[in-house]
Amino acid sequence: MDGNGRWAKAKGKPRVKGHEKGAEVVRDITTFCSNHDEIETLTLYAFSTENWKRPKLEVDFLMKLLNRYLKNELKTYQANNVKFETIGNLEPFSKKLKDTIIKTKEATKNNSKLTQILALNYGAQDEIIRAINNLCKDKKVVTKESLEKALDTPYNSIDLLIRTSGEKRLSNFLLWQVAYAEFAFTKTLWPDFTPQELEKIIQDYKNRERKFGAV
């Protein structure tokens with residue numbers, strides 16, 4: 001979900017305003033996906049393991065924004081039958097934020113129309129290393145199957161990965177799971193991303209031929 005800072009700068013606003021607008025777009029896209037018959041899971045890269053390197057004031061704001069977002073969006077989750085989950089290492093977060101995350105998961109655990117997953121303090125390299133360490137700790141042989149079960153995600157692969165704002169790199173996101181994913185890149189900054197553009201990307205994806213390594 002790239003482009004919050006650039007969106008704010010272009011409008012002469014502080015970066016935090018871009019993050020606030022970006023959170024509103026998350027609601028719009030989640031609601032759209034929950035009403036789309038072909039979408040089961042929406043994974044959003046909200047905060048990476050590298051984002052801690054940002055200025056402390058911005059990181060502190062993002063933590064407060066996330067806490068406020070989850071509390072405010074519970075009604076949206078329930079109204080649209082959305083189950084909330086996370087991937088990533090939540091340990092560094094404050095007790096207050098972790099409690100909010102746990103309460104939101106518990107409140108939405110029986111929802112079944114869409115699973116929205118927020119990647120929080122997530123990095124794919126960190127995910128894979130943690131998975132391997134856990135397998136070794138349990139003295140399990142590392143195989144494709146055992147590793148996939150040890151990963152954070154409830155799925156082993158994804159169909160479509162979308163990156164906004166014109167960037168064309170993975171940035172440590174779902175490296176294992178995107179092995180045969182289709183990619184879509186758009187120059188649209190995340191705060192300007194709409195359900196209409198998402199639908200166009202989905203239609204383009206549906207017209208692609210996926211071979212999964214076959215001729």
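This is a predicted model: local features need pLDDT of at least 70, side-chain atom pairs count only at pLDDT 80 or more; totals for chains, interfaces and linings use all residues.
# Salt bridges and positive phi angles

Me: Is L174 buried or exposed?

Reply: L174 is another residue other than glycine with a positive phi, here near 50 degrees, and its place is in the loop between β4 and β5 (182–185). Since burial is assigned under 20% relative accessible area and L174 reaches 1%, the class of L174 is buried.

Me: How many salt bridges does the model contain?

Reply: The rule requires a side-chain nitrogen of Lys or Arg within 4 Å of a carboxyl oxygen of Asp or Glu. Counted in that way, the salt bridges in the model come to 22.

Me: Which strand holds R163, the salt-bridge partner of D2?

Reply: The side chains of D2 and R163 meet in a salt bridge, with 2.5 Å from N to O. The pair links distant parts of the chain, 161 residues apart, since D2 belongs to the segment before α1 (4–10), while R163 is in residues 160–163, which form strand β4.

Me: Which helices does the pair of R27 and E73 tie together?

Reply: The side chains of R27 and E73 form a salt bridge of 3.0 Å, N to O. The two residues are 46 apart in sequence, so the pair ties together separate parts: R27 lies in residues 15–34 and E73 in residues 56–79, that is, in helices α2 and α3.

Me: What is the relative accessible area of E73?

Reply: R27 is partly exposed, at a relative accessible area of 33%. E73, by contrast, is buried, and its relative accessible area is 3%.

Me: How far apart are the closest N and O atoms of K56 and D60?

Reply: Both residues belong to helix α3, and because they are 4 residues apart, about one helical turn separates them. K56 is exposed, with a relative accessible area of 62%, whereas D60 at 29% counts as partly exposed. In their salt bridge the closest N and O atoms are apart by 2.7 Å.

Note on methods:
Residues are numbered from 1 along each chain as its sequence is written. Side-chain values use heavy atoms; hydrogens and water are left out. Buried means under 20% relative accessible area, exposed over 50%, partly exposed in between (1.4 Å probe, protein chains only).
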